[in-house]
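Reader: Before I ask about the details, could you set out the conventions behind the description, ending with how the residues are numbered?

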Amino acid sequence: MRQHSVHIVRSLKMCKRMLFFIKKGFFMNKKNNNSPLLSMGEWLLWGGSVTIILAAFLLFDRGNVLTLIASLIGATSLIFQAKGNPIGPSLMIVFSLLYGIISFSFAYYGEMITYLGMTLPMSLFCLIGWLRHPFQGRKTEVEVNRSLKKGEKTLMWGLTAAITFAFYFLLKALGNANLPISTLSVATSFLAAYLTLKRHAAYALAYACNDIVLIVMWVMAARSDRSYAAVAVCFALFLVNDVYGFISWHRMQARQEKAGR
């Protein structure tokens, strides 16, 4: 019990240091220093997510600290992505690396390859793209892309179909656990990453669909190893955060359109 308490204290200290770095770091807009980092509702959403993640770790896991750290970083990433803040994709790079390791531990090779080979590099491209398209020069808010061009939509669906088809046979050859649901996860992950790169509000809906798929996947994994239930809880929280992200981006888009008139 003492060892578990040490893990939790260390994780909370990590969250504190991470938020201190975020508050004082590069992405704070010097022209708008009086604006809050997060609204009161967003602080409550983030705090509630952290609390539930810690509770799930104590209830189901108590051993895999990597899962705990990845979950905390992931929850923090999503709250900033919902704000259109480049901190979001920068933390997603770290989450993708950790989640790839966790997926490998249960032979979810599709998840490992998807996050390490697709989500991680696309998050890097998103970070660069978001920094190059700030709204009215604010580094803390990306300019929302209101619509995709016809060619971009065609490319998106064509690439999604091709990647999903290719991954099905690749994962089958690797002996991936729960093959059909894992293949569906690849499709929803790519859609989400593509839309995030394009700075479109629908990215959050694609991630919400991916969250539902991953909840099912990790519940199935938890049947053989109870500790993976903590990962399922993590993605249930991600689902709540992504729904909020969709709402937040639509509000942000409306505000940006009004400011641009």
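Author: Helices (H or I, at least four residues) and strands (E, at least two) are DSSP runs, numbered from the N terminus. This is a predicted model, in which local features need pLDDT of at least 70 and side-chain atom pairs count only at pLDDT 80 or more, while totals for chains, interfaces and linings use all residues. Side-chain values use heavy atoms, without hydrogens and water, and each chain is numbered, as its sequence is written, from 1.

Reader: In which helix is the place of L44, and is L44 buried or exposed?

Author: The residue L44 belongs to helix α2. Its relative accessibility is 60%, and on the scale used here (buried under 20% relative accessible area, exposed over 50%, partly exposed in between, with a 1.4 Å probe and protein chains only) L44 therefore counts as exposed.

Reader: How many salt bridges does the structure hold?

Author: The term applies where a side-chain nitrogen of Lys or Arg lies within 4 Å of a carboxyl oxygen of Asp or Glu. Counted in this way, the salt bridges of the structure number five.

Reader: Which helix holds E42, the residue that pairs with K83?

Author: The side chains of K83 and E42 meet in a salt bridge at 3.3 Å, from N to O. The pair links distant parts of the chain, 41 residues apart, with K83 in the loop between α3 (65-81) and α4 (87-105) and E42 in helix α2 (residues 40-61). To come back to the name of that helix, E42 lies in α2.

Reader: Where in the chain does K198 lie?

Author: E152 and K198 form a salt bridge through their side chains, at 3.3 Å from N to O. E152 lies in helix α6, so the pair ties together parts that are 46 residues apart in sequence, and the place of K198 is the loop between α7 (179-197) and α8 (203-222).

Reader: Which residues do salt bridges that share partners join into one network?

Author: K198, at 23% relative accessibility, counts as partly exposed. Salt bridges with shared partners make one network of R138, E141 and R255.

Reader: Which elements give two or more residues to the lining of the largest cavity?

Author: A cavity is a set of points, on a 1 Å grid over the protein atoms alone, where a 1.4 Å probe fits but cannot get out, and lining residues have an atom within 4 Å of a point. Around the largest cavity, the lining consists of L78, M92, F95, Y115, Y207, N210, D211, F235, F238 and D242. The elements that give two or more residues to this lining are α4, α8 and α9.

Reader: What distance separates the C-alpha atoms of V142 and P86?

Author: V142 is part of strand β2, and with a relative accessible area of 1% V142 is buried. P86 and V142 are 56 residues apart along the chain, and the separation of their C-alpha atoms is 7.4 Å.

Technical notes: 1 Å grid on protein atoms, 1.4 Å probe; cavity = no way out; pocket = protein on both sides within 12 Å on 5 of 7 lines; lining within 4 Å.
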